[in-house]
Number of protein chains: 2
Amino acid sequence: MVRKDRVPRAPTIYDVARVAEVSHQTVSRYLSGASPLRPASRERVERAIQELGYRPSLTARMLARGESRTVVALTGELLEVGTVQLVEGVRRAARAAGYLLDVMTYDADDLERTLTTIGRQDVAGVLAIADTDQLREAVGRLSPDLLVTVTEDTPAAHTVEAHHAVARHLIELGHDRVTYVAGPRDWCSARTRLRAFEEAFTGLDSERLFAAGWSAASGHEAGRRLRNPTAVVCANDQIALGVTRALAERGRHVPADVSVVGYDDMPEAAYFSPPLTTVRQDFALHGAHAFRRVLERLEPDVPREPLPAVEDHLIVRGSTAVRRA
Amino acid sequence: MVRKDRVPRAPTIYDVARVAEVSHQTVSRYLSGASPLRPASRERVERAIQELGYRPSLTARMLARGESRTVVALTGELLEVGTVQLVEGVRRAARAAGYLLDVMTYDADDLERTLTTIGRQDVAGVLAIADTDQLREAVGRLSPDLLVTVTEDTPAAHTVEAHHAVARHLIELGHDRVTYVAGPRDWCSARTRLRAFEEAFTGLDSERLFAAGWSAASGHEAGRRLRNPTAVVCANDQIALGVTRALAERGRHVPADVSVVGYDDMPEAAYFSPPLTTVRQDFALHGAHAFRRVLERLEPDVPREPLPAVEDHLIVRGSTAVRRA
DNA sequence: GGGCGAACTGTTACCGGTAACTTTCTTGTG
DNA sequence: CACAAGAAAGTTACCGGTAACAGTTCGCCC
């Protein structure tokens, strides 16, 4: 009779138990460290595991424990560097907490299907990152699962503070006609930043424009609609880049004729021509905070130690200068 | 006696079976569609599922089927947009094939631990994306699992062809001292591109430099070591940006004094000052190809229909110009 | 109307772990 | 040295599905 060993399956806890001449439960206990083993058995188990190259099956463990240690991060297309870094921060935090982060991206027309997929998974929680109105709305119809959104709804203190810093900087340079190029209307974070701008720039002669997206292309398009400001503040660095380009095409130079400020401090910002004055965000920290909020809902008894407060710093580079008479 | 319903568990197929008054196996069959149900039972099952809001547990399914439909994409930090887009392409392809893509990133000093984590997962395969020598070496010690690497080892035809296009373009413009700024030495793809460059530029007076990373900062640093070329070809757009900046700091302007060419055509490239001449890659397609290779090893009987060939296109913008006498 | 496949449906075992409970050592103590 | 208590190990059931096989039911034909 031929053994039916077509696929040499991975060793299981039972295999280990047999080799170590203990019960499978003892092996399980060894693995979990829940209760101590007698040195003799402990050693045999260790040797057996080594010998067989045994690795526990996460799947079986999850099924048995009835808990899922997976969190889904739901985000739009990962084209923006900021988002990517943020997701990265979330992942780190998740892993540190023993969770697996499953990043799912959706296209606008794909959202429904993506959400359905999530519904089918055994996920502990969902973290909506790219928070557009569309996503929020769609997500509301999802089963009453856990769900936390990253980007804050109300202008967080640090965002407002950063915009105040930008305002002070521009006023110091003598600017008095400032246009804000906001991110897409249907993004919560775009509106948050816009509100922060408006709060910081009250009293000044300011105007606002909306970009269609977060990309340089959108910024470029918005830049063409610019009237005649002395300074432009943008919702992110890419938009600032596009605006700068549009300005150049009209023969207006940055910073000689117009000052431009970005937001995010993407890694390339310091190397733009001219290097971009912008606000640095610690995305990784933002991500950690976001995951923390998920964790707090997932594990109510998680220690409440607060994470370090996020701070956004104005980085002055070459794209802002004294207003020319 | 109090029912111990602390956590209202999610409904299982047994719950569905009870409500629908069929056996759990019938429900399972309904779900898998393996064999037809009598209209009457089918309808009862459907109603029961609806009513209970039942969702199958992927975990249990995986355990029972003994197969994992998860592929891990292993990559370095997701800071480069190109990589992100590539991962995105992989994900799409994976999802289309019914797989879940688990993106894991590693830090240089974290690699060991990351690989260990993978070993503990039930993963069908691993796709190494950011392929550095370090990763390859470390991965070699991993259990003899599936592993495919994205970036090709030998200069793929399209890479060589693209560099030829760059060469033709620069020669046409009269350039004769061309420096190549390569990506980091220990990246396979950096070497691949370098080799493609050398093949395309044989005969010309060319020099090479290595950047320490793929970032604009690395490019900037490398740019300072530039001697006096008439044109610079870079391993990616970020490096090109940094090089351009370094050149500007030395008072050499692009493209008037020096021409600069990038690679990848990142979304921002068209908005740089000057807009960057570069090579466009279809990252999503590259990703799809990569996943395809994984799939072929995972499911030997996967239809072998070839994916559309990748093509890299030279995009001429404002950073290259006729060599000034 | 009985016989017979084919089409459904039910039963039971199993995937690889964990949890709860029971049994079998070890100890320490009187 | 017997015995109880505690420590270590073993047993059994269960997590939520699937697979294989056994049992019904149904339609069709003679």
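The model is predicted: local features need pLDDT of at least 70, side-chain atom pairs count only at pLDDT 80 or more, and totals for chains, interfaces and linings use all residues. Residues are numbered from 1 along each chain as its sequence is written, with chains lettered from A and ligands numbered from 1 in the order in which they are written.

**Exercise 1.** Determine how strand 1 of chain A is covered and paired.

*Solution.* Helices (H or I, at least four residues) and strands (E, at least two) are DSSP runs, numbered from the N terminus. A residue is buried if 20 or more other C-beta atoms, placed from the backbone, lie within 10 Å of its own.
1. Six of the six residues of strand 1 (70-75) of chain A are buried.
2. Thr70(A), Val72(A) and Leu74(A) point one way, whereas Val71(A), Ala73(A) and Thr75(A) point the other way. In a regular strand, side chains alternate between the two faces of the sheet.
3. Strands pair if DSSP finds at least two bridges between them. Strand 1 runs parallel to strand 2 (100-105) of chain A, with six bridges; Val71(A) has Leu101(A) as its bridge partner there.
4. Four bridges join strand 1 to strand 3 (125-128) of chain A, also in parallel, where Leu127(A) stands opposite Ala73(A).

**Exercise 2.** Identify the residues closest to DNA strand D and those nearest DNA strand C.

*Solution.* A residue is near if its C-beta atom, placed from the backbone, lies within 6 Å.
1. Around DNA strand D there are 27 residues, the closest being Ser23(A), Gln25(A), Ser41(A), Ser28(B) and Ala64(B).
2. Around DNA strand C there are 27 residues, of which Ile13(A), Ser28(A), Ala64(A), Gln25(B) and Arg38(B) come nearest.

Notes. A residue is buried if 20 or more other C-beta atoms lie within 10 Å of its own, exposed if 12 or fewer, and partly exposed in between; C-beta atoms are placed from the backbone.
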